[in-house]
Protein chains: 2
Amino acid sequence: MADRLFIGVDLGGTNVVAAAVNERGQILSRHKKRVTKARTREELLDRVCRTIGHAIARADATEKDVVGIGIGAPGPVDIANGVVFEMPNVPVGRVDFRTELEGRFSATCLVENDVNAGTYGEFWRGAGRGKSDVVGVFVGTGTGGGIILGGKLLHGKNGTAGEIGHIVLNPGGPLCGCGRPGCLEALASRTAMQRQVAEAVEGGAETSILELAKGEITKVRSRTFRKALGAGDSLAKRVVRDCAENLGYGAVALVHLLNPECIVFGGGVMEALSEQMLPTIRQVVEERCLAGTADGVEIVPATLWDDAGVLGAAALVMEATGVTLD
Amino acid sequence: MADRLFIGVDLGGTNVVAAAVNERGQILSRHKKRVTKARTREELLDRVCRTIGHAIARADATEKDVVGIGIGAPGPVDIANGVVFEMPNVPVGRVDFRTELEGRFSATCLVENDVNAGTYGEFWRGAGRGKSDVVGVFVGTGTGGGIILGGKLLHGKNGTAGEIGHIVLNPGGPLCGCGRPGCLEALASRTAMQRQVAEAVEGGAETSILELAKGEITKVRSRTFRKALGAGDSLAKRVVRDCAENLGYGAVALVHLLNPECIVFGGGVMEALSEQMLPTIRQVVEERCLAGTADGVEIVPATLWDDAGVLGAAALVMEATGVTLD
């Protein structure tokens, strides 16, 4: 008999990735498709379904082997009904994934916020494995978080728990993408780092960062900072340190409020710069947390990176269909 | 048959209060004693036990009616073993309350942090009644918090969850009592408000606040600010608004991270100034939280005030002895 198969889907602003996953958390296949050209809900759903179809085929399976499909979506989610209200980077409006996917595949469909799914992936098979209270902080274009307490994702009254990117760190600070000043995301994300470089260059700072990105600030990636650090660039040093310090203050809030066993830092910025940033984050926590509160609280880099989302989404739908995860 | 009786004890830096409570949450008697003269662990225990004895007698009961004793203590607690590690304002060192009290009374003894006990009291019989996800924020000499999720107090890895007073709001801000700069408590507590008045007076500000406190800054109480506000004092207005704004930023962190059903503001500062401060706190939450995240999240004043601690401590030991709370 074939393995019972689950599909984890990680829907991002640029690509959708679907992976076929078995109950032991092994990824049997992956397929990726761009979603940037999807202008309508129907086009988006069509791309997502075809991506799932490819992942199934690549796993040498058929649709009837698939028990559940879990989707991590980049926006606020109505978990109870499997609906995504809106996705700022996939502007096709509200999508009723559960109804649509359960209509096309005979499998249970579950929808979760992408950051929550990623946190759940790291908890199940990544850096938070074996713990029950784990917080994930994902630092990329923006900064988001997910909270697992007692082995369960915390959703809260409006399903929005874990929004660490918009805690206020500096009420009069720089403007955040959300339109409000001084959010953590405005001080610690790739967008924040790009802004600091642009401001410094405007102010006459000498730096190799822009050259490394062909002169375009929007082409400055997390890897660009790593390269510039390697070349001893002092602006890169300051910007990376600043970002890490602010993430440290975010971690202090997590240690003081939730006192988790483990804080996992993931996302593109961390994938490129965790070696540079984590020591600073840990130092801020050490210095700024009350005596005893941070004892034994692990502050660690993600280990699954891009796979966290698909594994977490698959794990969540496994549990929803009665699988007991190990 | 007499009611099964429980004792709730609220141990503060100045007084210990014991109350006899029945399973329905009615307070049958109270007794209060000063603890400032207790120089040793033995003297403190003696005062606590005599206070409990008086509360029992005043309830027309005897020691054998008492099923459980719950203690809220102002310091970090080892809940599993009923031990208080230290109490900054009752400097008698480590106290093994469970062993001591179970030796003197034949009742189950449970020890909890005082702020957690107060939060549990407001959850059971106060402003958070009927909810399951409730955060308590207590603003007095210092600022502390307690978190209830799914009807259970969150303790975290080191038992210190809920320490909202020491999340960092302004990394370069004024020094906190904990020795670190810019904690919420350094910006929003009675101590912070007193400091702002002292600084303003030193800078030549005109105010009636000091006169109302007989010229001594340490005698400026929360009620003093209320009186000064009533007299149209502009410094009082600024200091109260500033404190409320910073509590608002704390509430923003709670809404974004935990997304609770209800945030209850208690403590001496709130008891005197909740009418003045809550509108500002709500306004900051409204302005600074992401769309949808704060919908329906109640931000309310405590209703039990001084009784929250004894009721919460009693409720916790009731549950520990198998009582199902309504």
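Predicted model: local features only at pLDDT ≥ 70, side-chain atom pairs only at ≥ 80, totals over all residues.
Colleague: Which residues are in contact with B:His166?

Modeller: Setting aside residues up to four places away in sequence, B:His166 touches B:Cys176, B:Cys178, B:Cys183 and B:Glu185, and it also touches A:Val252, A:His256, A:Arg288 and A:Leu290. B:His166 lies in the loop between β10 and α4 of chain B, and it is buried, with a relative accessible area of 7%.

Colleague: Where is B:Thr160 found, and is it buried or exposed?

Modeller: B:Thr160 is found in the loop between β10 (152-153) and α4 (184-187) of chain B, and at 16% relative accessibility it counts as buried. A contact list then shows what surrounds such a residue: B:Thr160 touches A:His256, A:Asn259, A:Thr293 and B:His155, again not counting residues up to four places away in sequence.

Colleague: What should I look for in a nonpolar core, and how many residues are in the largest one here?

Modeller: In soluble globular proteins, nonpolar side chains tend to be buried together. The largest nonpolar core here has 107 residues, and those that touch the most other members are A:Phe265, A:Met277, B:Phe265 and B:Met277. Beyond four places in sequence, the residues that B:Phe265 touches include B:Val137, B:Val139, B:Leu247, B:Ile281, B:Pro301 and B:Trp305.

Colleague: How do I describe the packing of two helices, and at what angle do α7 and α8 of chain A cross?

Modeller: One gives the distance between the axes, the angle and the handedness, and then names the residues in contact. The axes of helix α7 (residues 222-230) and helix α8 (residues 234-257) of chain A come within 8 Å and cross at roughly 125°, which makes α7(A) oblique to α8(A). The contact is made by A:Phe225, A:Ala228 and A:Leu229 of α7(A), together with A:Ala236, A:Lys237, A:Val239 and A:Val240 of α8(A). In this crossing, α7(A) passes α8(A) in a left-handed manner.

Colleague: Is the crossing of α5(B) and α8(B) left-handed or right-handed?

Modeller: The crossing of α5(B) and α8(B) is right-handed. Helix α5 (residues 190-202) and helix α8 (residues 234-257) of chain B pack at an angle of about 145°, with their axes 10 Å apart. Among the residues that make the contact are B:Met193 and B:Val197 of α5(B), and B:Leu235, B:Val239 and B:Cys243 of α8(B).

Colleague: What is the phi of A:Trp305, and what is that of B:Asn259?

Modeller: A:Trp305 has a positive phi of about 50° although it is not a glycine, and phi of B:Asn259, also a residue other than glycine, is near 45°. A:Trp305 lies in the loop between β12 (298-301) and α10 of chain A and counts as partly exposed at 23% relative accessibility. B:Asn259 lies in the loop between α8 and β11 (262-266) of chain B and is buried, with a relative accessible area of 0%.

Colleague: How should I compare separation in sequence with separation in space, and how many residues lie between the positions of A:Gly312 and A:Val9?

Modeller: The two are read side by side: A:Gly312 and A:Val9 are 303 residues apart in sequence and 9.2 Å apart in space, C-alpha to C-alpha. A:Gly312 lies in helix α10 (residues 307-320) of chain A, where it counts as buried at 0% relative accessibility. Leaving aside neighbours within four places in sequence, A:Gly312 is in contact with A:Ala117, A:Tyr120 and A:Gly121.

How values were computed
Residues numbered from 1 in each chain as written. Chains lettered and ligands numbered in written order. Heavy atoms only, no water. Core = buried A, V, L, I, M, F, W, Y, C linked by side-chain atoms within 4.5 Å. Buried < 20%, exposed > 50% of the residue type's maximum accessible area, 1.4 Å probe, protein only. Contact = heavy atoms within 4.5 Å. Axes fitted to C-alpha atoms, helices over the stretch in contact; angles between N-to-C directions. Helix = DSSP H or I, 4+ residues; strand = E, 2+ residues; numbered from the N terminus. Parallel < 35°, antiparallel > 145°, perpendicular 65-115°, else oblique. Left-handed = near helix turned anticlockwise from the far one by under 90°.
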